[in-house]
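Consider how charged side chains pair up in the structure below, and which parts of the chain such pairs join.

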Amino acid sequence: MRGSGWLSLIRTMPAAMLAAMLASPSSPDVHFPGNRRGYALALLVLLASLLVVGIYWRTARNRELAVAEANFVVDCKESVGLLVQQLGAYELVARGGVSLFATVERPSRRQWQDYVDGLDIGHRFPAIAGLGFAVYASPGQLAELQRQIHDNGEGLYGVRPEGLREHYGPILYLEPKTQVNLDAIGYDMYTEPVRHAAMEAALDSGSEHLSGGVHLVQDASSVAHGDPITGMLLFQPVYRLGGRDGSVSLRHESMRGWVYIPFRVRQFVDLALSTTPQHPRFRIIDVTDAQPNPLYLSTSTDARKPAFVHSELLERYGRRWRVDFISDPLEVIDERTAGLLPTLAIGVFASLLLFAITLTLVRTKGRAEYLAACMSDSYRRSELRFRGAMEHSAIGMALLDHEGNIVEGNPALAAILGTTADLRGTSFDARFVEEPVDHGHDRERDLAIGVTRMTRTLLRTDGVRRVHLTSAPLPSDDDVHGVTRLVQVEDVTDRIHAEEQVLALNRTLEARVAMRTRELTLVNQELETFAYSVSHDLRAPLRSIDGFSKLLAERYTDAIDQAGHDYLARVRSAAGRMGELIEALLSMSRVGRGGMTPVALDLGRIAEEVIGDLRVQDPVREVTITIQDGLHAVADQGLVRSLLQNLLGNAWKFTRDTVAARIELGRTTADEFFVRDNGAGFEQDYAGKLFRPFQRLHHADQFSGHGIGLASVKRIVERHGGTIRAEGKPGQGATFYFTLPGIESDSGD
């Protein structure tokens, strides 16, 4: 505080003296030899200030260039990080394909297609040409595979190029099912050296490997027309159980094939860096082999020499890439530092102003002495204010000399240090556990350091405390015994303990979130396993029950009386109903798991198609259908069709016994869609049960059904972020209100 008063006086002194000189018309113009030295000093000040301004401007420009280069390096590292992140996403896609082989011995074409369709590769990863599986087979194993494919009715499976080889690596599956992917099936990638090297490396190491730059078989037409497109393939080995963790020979024996991802390098890079459109220009060179192979080069029309260059080495999946970045030209960088020119002009103006002030000071030396006396009195009053503020401050304050001893301390400092003794002359640093960094006793160096802040451990008679120190240098007139620093001391023990408790709670919370995430993953896996069991394991017994019941009724019809035939009919009917319930349950499960592709839809057109199907199924019914115009929404077409089939189908069913049946589809002023009928209706008190699976408000003998349709409708509406509700009265019909607020595709990133 004392130093602040001195600096304030120094800043205000020239202005005060100039004002006093201008206010005193009788100020004498002193002429004596000393004035000549004053004029020479003023000229020297002008030259020195201009020199300082020039040095400052040059330093500032160099600093701006250094900042620009540092930002350029940060952008380079960020771009490399995005490339690594995109490769990691491709690795996860390949690992998902490998996990499919852990479920079944060899997935069928249909299972592979369903898995790849669920990934929505074309939308999420445009650079990927497909997700495929290449089988690893000897000549005998290849012949057996071809026989199995033929016996399964999947046609002939040919391998190209033809010829007898020790091992083959032909493409067995490749999705999505485009024409170029269908043409690629059967191509033996083991015959191509670059692919062969990557496949062998993945096989021997048991981990994923990336190939060098190749031309994808999907781009054969582009290559033929002189437009080669560089591509790469990521191979993930697939072993039989226990093969991955064994020796190299065991891996060869247990090898089943490779899940691989072919992708185009330019599209891969553009997609990875799409979130940072202002990234630097660069090129990617594969330096894994002795001969470097360029993979990617940014397009640019600027041939000027760049201001900076930087290279990053990227090693992933067995390949080494060197990414060479180039910045904008130096001329462009200099344009960004044009803001320093006004600073230079201001500096020159300040130098001239300082020269004028110096001349004025030379002429007003006598007046300055008078003002100095007045200011001394002001300084004494400032000193008294400083001491009063220090005495009553709640924060500990200490004035230190060059040797770090306490010159003066306030009562709050003594309370924090836990002592009642006189603090003057004692070492300040000796009261702490660790020693501070020694900056020496150079006063000019202390002033150059500026304000410093640190937290240290304090030893007191009642224990250990943590305090926060804020140290500021003070100018001193006495180089031996003067005050050099003002230190503020604040006890932060309680605050640090509170922060540590918060950090501990955060770590506990993170652990709980991770545990809950793992539990949710396990539950989802169990649900998928249950659905698989329902679709495959429960249907076979039902078919057996139905088949043997039918045989029993046909072959032993004379040995069974009428009651027995009735029992067999009931058994077959129950088996059929259970099969229908299983299929309905699986359909409802698929509603919650499938991907969604939101598009602009006309609900009226879809409803007309659904009503047309209902009229074909029941042509004798006379039902009045009313569909409003302009029923548009953004939603998934398949899910919305299922929604309308269930709602309109229910309305059609429950108006079966109604004279002059009516069904209406429209939209309210509150932006809710509705389906209304004048059929059987229901009790409003039981409306909440309508959307629960297998919950029915009418007897099965009166109205058929499984109780799944409205539960599926509720899931479809909620997946779109909407709500659904129902209103009805017995014998007066029912109305279902739902919203489709519009969604973003959940099949993207």
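The side chains of Arg-605 and Glu-609 form a salt bridge, with 2.8 Å from N to O. A salt bridge here is a side-chain nitrogen of Lys or Arg within 4 Å of a carboxyl oxygen of Asp or Glu. The model is predicted: local features need pLDDT of at least 70, side-chain atom pairs count only at pLDDT 80 or more, and totals for chains, interfaces and linings use all residues. Residues are numbered from 1 along each chain as its sequence is written, and side-chain values use heavy atoms, with hydrogens and water left out.

Arg-605 and Glu-609 are four residues apart in helix α19 (residues 603-617), so about one helical turn separates them. Helices (H or I, at least four residues) and strands (E, at least two) are DSSP runs, numbered from the N terminus. Arg-605 is partly exposed at 36% relative accessible area, and Glu-609 is partly exposed at 32%. Buried means under 20% relative accessible area, exposed over 50%, and partly exposed in between (1.4 Å probe, protein chains only).

Arg-621 and Asp-618 also meet in a salt bridge, at 3.9 Å from N to O. Arg-621 is buried at 12%, whereas Asp-618 is partly exposed at 26%.

A further salt bridge joins Arg-319 and Asp-289, whose closest N and O atoms are 3.6 Å apart. Because Arg-319 lies in strand β10 (residues 319-326) and Asp-289 in the loop between β7 (281-286) and β8 (293-297), the pair ties together parts that are 30 residues apart in sequence. Arg-319 is buried, at 12% relative accessibility; Asp-289 is partly exposed, at 48%.

Salt bridges also link Glu-91, Arg-95 and Glu-208 in a network. The structure holds 24 salt bridges.
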